[in-house]
Amino acid sequence: MKVILKQDIKGVGKKDQIINANDGYARNFLFPKNLAVPADKGNMTNLQSKQSSEEHRKNLEKEAAVETKNKIEKIMLKIQVKSGENGKVFGSVTSKEIGENLEKQYKIKVDKKKILLQEPIKNLGTFNIEIKLYDGVNAKLKINVIGE
């Protein structure tokens, strides 16, 4: 009997996957526990519409990420910090500060966890930093750290 799983079941399959299950297993375990539904015409149509709407939503998210990437790669973010005589920064510039300045100066909101910074910036100068906006969409941001 073909069934559509409503959630992940270890050793059986993932959510929204169509599997062949034994009749007894489906009727006595999967259906009563609301883990699966029969793969009839109505349920198959619902599954296909759900998958197409999910795919459409992902495409919209990716388009928005590409648009944000294009904006980010055109700008030069300036961050002003207190520094010593030899170009050393008092403290450091972290991904949190980069995200805050990006939003304040250019109205581009980026989560600090998506800013890929190997270590905090501790010197004055220009730096190139990568930002992971979406799966497979990375932007390169130029940052100019200026001393006061």
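## Helix α2 and what covers it

Helices (H or I, at least four residues) and strands (E, at least two) are DSSP runs, numbered from the N terminus.

The 34 residues of helix α2 (residues 41-74), at 1.5 Å a residue, should span 50 Å, which agrees with its end C-alpha atoms being 50 Å apart; the expected span is 1.5 Å times one less than the number of residues.

G125 stands opposite V145 in β9, and in the hairpin of β8 and β9, with 2 residues between the strands, G136 takes a positive phi near 90°. Strand β6 (residues 115-116) is antiparallel to β8 and joined to it by 2 bridges, with I131 in β8 as the bridge partner of I115.

## The aromatic pair

A search of the whole structure finds 1 aromatic pair: Y25 and F29 are stacked, at 5.4 Å centre to centre and 20° between the planes. Rings of Phe, Tyr and Trp (its six-membered ring) pair if their centres lie within 6.5 Å, and planes under 30 degrees apart count as stacked, over 60 as edge-to-face and the rest as tilted. Both residues lie in helix α1 (residues 23-30), 4 residues apart, about one turn of the helix.

## Basis of the values

Residues are numbered from 1 along each chain as its sequence is written, and side-chain values use heavy atoms, leaving out hydrogens and water. In this predicted model, local features need pLDDT of at least 70 and side-chain atom pairs count only at pLDDT 80 or more, while totals for chains, interfaces and linings use all residues.

Terms used
Two strands pair if DSSP finds at least two bridges between them.
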